Structures are given as structure tokens and as C-alpha cells.
Amino acid sequence: MPFAAATADQRFVLDHVVRLDEIAAADRFAAASPDVIEAVLDGVAQFAAGEWAPLLRAGDTIGAKWTPDGVKMPAGFPEAYRAYVEGGWGTIGVDEQWGGQGLPFVVQAAVLETLGTANMAFALCPTLTVGAIEALAHHGSPEQQATYLPRLATGEWTGTMNLTEPQAGSDVGALRTTATPRGDGTFAIKGTKIFISFGDHDLADNIVHLVLARTPDAPAGTRGISLFLVPKVRLDGTPNDVRVVSIEHKMGLHASPTCVLSFGDHDDCRGELIGPEFGGMRAMFTMMNNARLNVGLQGVQSAEAATQAAVAYARDRVQGARDGKAAAIVEHADVRRMLLRMKAQTMAARALVYYACGQVDRATLGDARAKERLEMMTPLAKAHATDIGNEVASLGIQIHGGMGYVEETGAAQFFRDARITPIYEGTNGIQAADLVGRKLALSNGGAFADLIADMRAEAQAPALVPLIDACEAIGRRLQGANADDRHAASYPFLTMLSVASCGWLMERQARVDGADQVKKVAAAFYLEQVVPEALGLEAAANADASVLYALPAEAF
């Protein structure tokens, strides 16, 4: 499959959407000079093309395999991962005190985008490690940080998040894994976790599992949850009592082993408490908020990869005629419609996710307004960007025609890999519920009003202004609505607000003097065709819940 990092558009978005120069003006991020950013983007582009993209097909067709000795990755993956570690690509956004380069989070996101566009399943491994680093950096003890963060930063060790159990999916409070004090400051961990991405593999010497569990006599529900650090191999070199029971047979992401892990089969699984007892939910959300942005980034990865493959095929595939001459399908209007939609939606998703990631950096610098803006944008970035990833990957199959449905072209892989992204790290329905349930209420509605004001101050496109107006009116109505009515409207409202945000950021880019023809045409398409579609959701976003509950459950 063709692959080239979207380096030019990444840099353009960093400059004109994120406004990275403002972030780099702070002493903390002074290393993020233009030449350093250029070197990072170009360097990871070359690395991804040379080391990770060639493994895409084998990762899908061979995939990770369970064995009695643990999970084995396909040939070439361990070597490519070692090259990632040796290249220092895991250190980009990690604080310098832990051996990182101390660059902004949004630059780290650009690096992960390139890696994931080359090989999305493989890139899940460092993506999860980023979440573990965040949790330890914010909640770990000084000893835990000194011991684990330098090795996680380089990627020498990898990290996981262990939340889900067979009876506890989105309802985290129902988990049953236990943590019993052993009398020496450590805890005996016992239980089973499912859906653990890269829960076992042969890429690194150790895996640092972050595990949610209950201590004895803990309160019921989420209040009684604590977070524990459970290494696969203890610091003295002894294997911990952690066993991979199986890996899932999935629709996609075959190179990402999704494990069932059993802790304490022999009553000798040892873990350390991270943060205070019963502080697990707070620490979990440190991981989850980071992860949700990175899942939104996976939507960008899926869209970019599918678009590149579709463009290459459309230029090469001769079918039919135009102006009396045999023509490649790229010359046909409907194919151009799909290609331009793919381009525009991919650029919009990148702008949305990078903008949110930039708010992480601004909040890190103490900007309270950015912290609230990040809260507002996280459900949009996670949900809408992954919806876009699925739409664009599906269009890629359509452009390939019948061959898109045939596995040998690789077009189907992008869709199969993307389909999980609206589901994990909080389903997109949960993101919509979070938007109307918590985010609209931030600062008594002030955070939402602030976003609307910022969009309205720049918006000029004829369709964008009424969309922003509609979002404002619906948002105000939902702030006073009952729970059922809020949730009934939540998904169409999330889509409308996301498209309005994307339209705002696309229009901003189109006005830049240095914007190229592709950017200007893609922005025009987005503002003239995608934005008006979102206005069509106004009726759904204004409807109450009555029709949804008009049928009894058994009638379905």
C-alpha cells in the first residue's frame, strides 16, 4: 500500500490551528523551535516509511499469535520496535527529568499520527504507553516515577491500562478484581481483565500493567476503586503472577494483541498502589482523557491511510471515458466527489484533534481557559474524528469498487481497523452523553458559550454562521432539559458542534496566505457541502425522547 506522512499538512495545522509558536514561547517548551519540529516531522516520516509501513500487510494477514509461552508478534515487528526505541521516538513528549525530550503533547500527537498512518495496529503499543506515562507522572510516587518512567519513556518497557472485566465494561464501578495488603507495602492482586491491548507481546522485556482493583472493605461502586502498578516482571527479575489466557479474534487490528489477563492464579501477583487508596477513578481519567484524544487521532490515521490508497487507485484505474477518451476513474465526477470528501474530512479531523491536543499544552502551562476548552473539545475530538475515520475508510472501499471488497487490495483493512475506534475508550455515545451531561454545564455554561463566541468571531462562510447559531440555541435548551431529552439529542448535537468546530478551523486555514490549492479547495468543499449537512441534524437535536420510548422494550 502507498504511504507518505502528511508532513506538510501537519506542519500547517501546527502553525495555523494550534499556533505552536505561542506554546513554544513558554520556557517549558522552548525546545520546540521551528527547525526542531521540522526535523521531528521529517525524521518520523522517514522512519515510519522504512520500518513500520512495510509490516502493515503481515500484521493484518498473520497477526499476533497466542502461544503457551506468551504472545508472539509477526516476523519483523520486534526488530521494528527496537528501531523505534533506539530512534528515541517514544521520548518526544516526555518530561526531560525522565529522559524525554520535553516537546509539546501536540508534537507527540503528530509523531503518533505518522506512525499510526503507516501501521495503526502497531502504533497502539506506544499509544498505550503514553497513557501509562501520564498516569504515573501525575499520580505515581517519586520512587515509582524514578524507577519506571525512564524505561517507559524510551519504550524499553511498554504500558497497558487494565480496566474492563467480563461483567464490567462501561460500568467500571462493577469491577471485582481485588488488591489485598501483603504487609510489606505491596498488594496481592487477583482477578481477570479483558480487552487489554498489547497486554502481552514479545516486543519488550517488561510490560507495566496499570490495574484497577478493590481493596478489602472498599466502598461499592466507583468510590471504592484504586489503581495499582503490576509489572509483568518484578524489578528483581522474577516473573510476576500474571498470565495471558487468550487473545481475541477480531474484525481488525490483528497486529494488536487484545488479551485476556489473569492476575494471581497462584496467589503471588504483586502490585503497588498508585496514588491514594480509592483514588483509582481520578488516576484512570488521567489515562482515559489522554487516550480519548489519541483514539481521535486514530480516526485521522485511518482517514489519511485510506485516502492515500484511494487516490493512488483512482489515478491508476482506467475505466470508462471522459471527453471521448479513455480515462482513469479520478476523472469521473462522482469519484472526485468521494476523493474530495475524503481529503476534506481528513483535514477537518486533523485540525479538530490537533486543536484539542494544543489545549493540553496550554493547560499544562497554567492556562485555565485552555483547561476548560480541552474539557469541551475532548468528546468532540474522540467521537467525531473516529466517525470520520470510518466514513473515509468506507469511501475508500467504494472508490476501489469490487476490488475494495477483495482483501488483496488492502482497502478493507483500513475499515476493519477503524471500526473499533468509535467503541473503545468510551463509546461515542458515551462521549455524546458526556458532552450534554457534564461539559455543557462547565462554569455554568460559560465554557460552551466561550467556544461559541470564539467560532462566531471568525466565521464568515454562509452556511457556517447559521450552524453556529443552531448549536448555541440547542446547547442552551439542553442545559435545562431532563436527562432523557438531553441524551436523545446528544449524538446529533455532538455531530453538529463538531462540524461547526471543524468548519471554523478549516475556514481559518483557508484564509492563510500560504494555504495551497488543495487546502483551499478542501476547505471550500467542507464549508459548502459538509457544513450544510450538519444543519440537517437540527430536527433530531431538537426532538425530545418521547418517540424513542414509544415502543416497549419487547416490541424491538
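Which helices do the buried residues of helix 15 pack against? Hold that thought while I set things up. What we have here is a predicted model, where local features need pLDDT of at least 70 and side-chain atom pairs count only at pLDDT 80 or more, while totals for chains, interfaces and linings use all residues. Residues are numbered from 1 along each chain as its sequence is written, and side-chain values use heavy atoms, with hydrogens and water left out.

Okay, the overall picture. The protein chain has 18 helices and 12 strands; these are DSSP runs numbered from the N terminus, H or I of at least four residues for helices, E of at least two for strands. The C-alpha trace spans about 80 × 60 × 55 Å along its principal axes. The radius of gyration is 23 Å, which agrees with the value near 24 Å that a compact globule of 556 residues would have. That number is taken over C-alpha atoms, and the globule rule is 2.2 Å times the number of residues to the power 0.38.

Of the 556 residues, 59% count as buried. Buried means under 20% relative accessible area, exposed means over 50%, and partly exposed is in between, with a 1.4 Å probe and protein chains only. As for contacts, meaning heavy atoms within 4.5 Å, take those between residues at least 6 apart in sequence: 75% of them join residues at least 24 apart.

Back to helix 15, residues 464-479. Its 16 residues reach 23 Å from first C-alpha to last, close to the 22 Å expected at 1.5 Å a residue; the expected span is 1.5 Å times one less than the number of residues. Its buried residues include Leu-464, Leu-467, Ile-468, Cys-471 and Leu-478. And here's what I promised: the buried residues of helix 15 pack against helix 13, helix 14 (446-458), helix 16 (483-510), helix 17 (517-535) and helix 18 (538-542).

Compare helix 6, residues 105-118. It has 14 residues and reaches 20 Å, close to the 20 Å expected.

Is Lys-439 buried or exposed? Buried, because its relative accessibility is 3%. Setting aside residues up to four places away in sequence, Lys-439 touches Glu-375, Met-376, Pro-379 and Asp-434.

Walk on into the loop between helix 13 and helix 14 and you find Asn-444. Asn-444 counts as exposed, at 79% relative accessibility. Asn-444 also has a positive phi of about 55°, although it is not a glycine. Most residues other than glycine have a negative phi. Arg-19 has a positive phi too, near 55°, and sits in the loop between helix 1 (7-18) and helix 2 (20-24). With 33% relative accessibility, Arg-19 counts as partly exposed.

Last stop, the strands. Arg-223 is in the loop between strand 6 (206-214) and strand 7 (225-231), and at 60% relative accessibility Arg-223 counts as exposed. From Arg-223 to Thr-117 it is 39 Å in space, C-alpha to C-alpha, and 106 residues in sequence. Val-318 is in strand 11, residues 318-322. Leaving aside neighbours within four places in sequence, Val-318 is in contact with Ala-326, Ala-327 and Ala-328.
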